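Here is a friendly briefing on one protein model, grouped by topic. Have the sequence and the 3D view open as you read.

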Amino acid sequence: MSDVLFAKITKERRRQFQISTKIILKDGKKIVVKEPLHEDGKIHIRKMYDYYKLYQSNKIKPVSCKVEENIIYFPFLDGETLCDVLLTELKKNHIDRANTLLLEYKNMIYELGQGQQPFEASPEFEKVFGKTEGLEEVIAGQYVNIDNILENIILQDGQYEIIDYEWFFDFYLPYNFVLYRAVLDLYINYNDIMKRLGNFESILQGLGVLSAEITQYHSMNESFNDYVFDNDNGYNRVKQQYKKNILSVDKYASDSGVYAQLYYDDGSGFSEEKSMMQSISIFEYCELNMCRLTWNFTDDHNITRLRFDPINCSGYIQIVSLKAFDRERREIPLEIVKTNSQQVGTDMGRIYLTNDPQVIIHLKKEGLCRFCVEMKVNPYVGEQANNQTQRINNYIERLKHNNQELQKYINSIVENVNTNE
């Protein structure tokens with residue numbers, strides 16, 4: 001007889017990935033039990049056992065497991081995770097030790113795979129993670145577990161063990177993608193502490209992950225979620241609930257009141273009813289961190305135009321990337337036809353003096369399924385908005401005055417030349 005201490009069912013996934021997870025108490029010991037909800041989920045369960053057998057000779061290894069009648073059993077480990085160790089060092093302001101720990105973690109990840117060779121995308125890879133660009137020089141391996149984040153590596157009796165290895169693949173996969181997911185997990189859950197090491201991108205760059213890679217890994221992560229959740233409302237519900245849980249911890253981040261809004265035109269024009277909003281937290285726009293937003297369309301609305309409002313106030317905005325995809329993950333060509341901004345500098349940045357920044361976009365093909373944005377924003381809110389607007393207006397007035405003075409000078413030279421003649 002056993003007591004159920006915890007239970008979770010993942011019915012929002014595709015059918016073959018739907019499982020139940022329980023923690024039971026049996027004979028005084030806690031045991032983790034994972035069971036497929038459907039017949040076609042048995043393969044997914046048994047793959048975990050394959051991964052366990054694969055890495056038994058490593059310094060860091062998967063926690064032991066056994067399979068009986070397509071149900072897999074793990075001992076429940078209660079100890080300090082790598083994440084716990086890292087956060088402890090950061091709370092003590094031991095920045096060097098924290099960086100060293102992250103580099104040691106990187107070495108672990110590169111050991112938890114078979115082979116190290118330049119990445120080449122296979123059809124199997126693209127089925128799960130979509131198409132990529134510019135990763136040809138990145139080191140990849142087989143049998144890489146993308147859930148080897150710091151939260152899932154636990155110290156037990158002097159030995160690091162992996163407590164979650166549900167998602168590994170037998171095709172070649174960049175090791176740095178695991179680092180991306182690990183730092184993303186840290187930055188979302190422990191942003192206030194992780195900022196002591198730097199922003200999201202700088203932490204990854206310290207681990208040898210280039211900016212161009214980060215963009216590709218973001219797209220890969222979205223494609224993976226589509227693969228697991230079938231790009232359906234199930235994943236959107238889970239993601240939104242996850243965001244709500246995170247924001248409840250750092251509530252003040254969501255109270256900034258800054259959000260992006262996407263309008264879509266299916267032939268009847270733009271309207272509030274046909275629009276979607278996403279909040280932008282303080283963490284995403286402080287220090288001009290990269291802000292990444294994704295909107296999914298579950299039905300084909302025959303959308304021909306989009307109106308993207310980057311923020312709901314005036315400010316500085318640098319749009320790094322705008323991309324649209326169809327259901328086959330093929331990119332849809334876009335054309336920006338109008339924006340109510342003033343370009344500044346040479347970094348693609350634009351100043352929006354209006355409280356309603358807009359970018360009008362034409363889709364050159366039908367079948368929109370997903371719209372992705374990468375941008376850096378500096379909203380001008382409250383008194384800052386007034387100050388920045390006044391500063392810009394003063395600058396414009398100075399330019400006008402200088403232009404007038406210059407014109408007077410040119411006219412005086414012309415008059416002198418005419419007099420001398």
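Across the whole structure, a search turns up zero disulfides (a disulfide being a pair of cysteine sulfur atoms within 2.5 Å). Please keep in mind that this is a predicted model, where local features need pLDDT of at least 70, side-chain atom pairs count only at pLDDT 80 or more, and totals for chains, interfaces and linings use all residues. Residues are numbered from 1 along each chain as its sequence is written, and side-chain values use heavy atoms, with hydrogens and water left out.

**Cysteines**
- A disulfide is a covalent bond between the sulfur atoms of two cysteines.
- For C369, the closest cysteine sulfur is in C372, at 9.7 Å, which is too far for a bond.
- C369 is buried, with a relative accessible area of 4%; buried means under 20%, exposed over 50%, and partly exposed in between (1.4 Å probe, protein chains only).
- C65 is buried as well, at 11%.

**Overall build**
- The protein has twelve helices and 25 strands, taken as DSSP runs numbered from the N terminus (helices H or I, at least four residues; strands E, at least two).
- Of its 421 residues, 46% count as buried.
- Taking contacts (heavy atoms within 4.5 Å) between residues at least 6 apart in sequence, 70% join residues at least 24 apart.
- The accessible surface is about 21,900 Å², and 47% of that belongs to carbon and sulfur atoms; the areas come from the Shrake-Rupley method with a 1.4 Å probe, and for residues only the protein chains shown count as cover.

**Aromatic rings**
- The search finds 28 aromatic pairs, meaning rings of Phe, Tyr and Trp (its six-membered ring) with centres within 6.5 Å; planes under 30 degrees apart count as stacked, over 60 as edge-to-face and the rest as tilted.
- One of them joins F129 and F169, with centres 5.3 Å apart and planes at 75°, so this pair is edge-to-face.
- F129 sits in helix α4 (residues 123–129) and F169 in strand β13 (residues 168–169), so the pair ties together parts 40 residues apart in sequence.
- F129 is buried at 0% relative accessible area, and F169 is buried at 6%.

**Charges over rings**
- K47 lies over the face of F168, 5.3 Å from the ring centre; the criterion is NZ of Lys or CZ of Arg within 6 Å of the ring centre and within 35 degrees of the ring normal.
- R307 lies over the face of Y263, at 4.1 Å from the ring centre.

**Positive phi**
- Most residues other than glycine have a negative phi.
- D27 has a positive phi near 55°, lies in the loop between β2 (19–26) and β3 (29–36), and counts as exposed at 72% relative accessibility.
- R329 has a positive phi near 65°, lies in the loop between β19 (315–325) and β20 (331–332), and counts as partly exposed at 23%.
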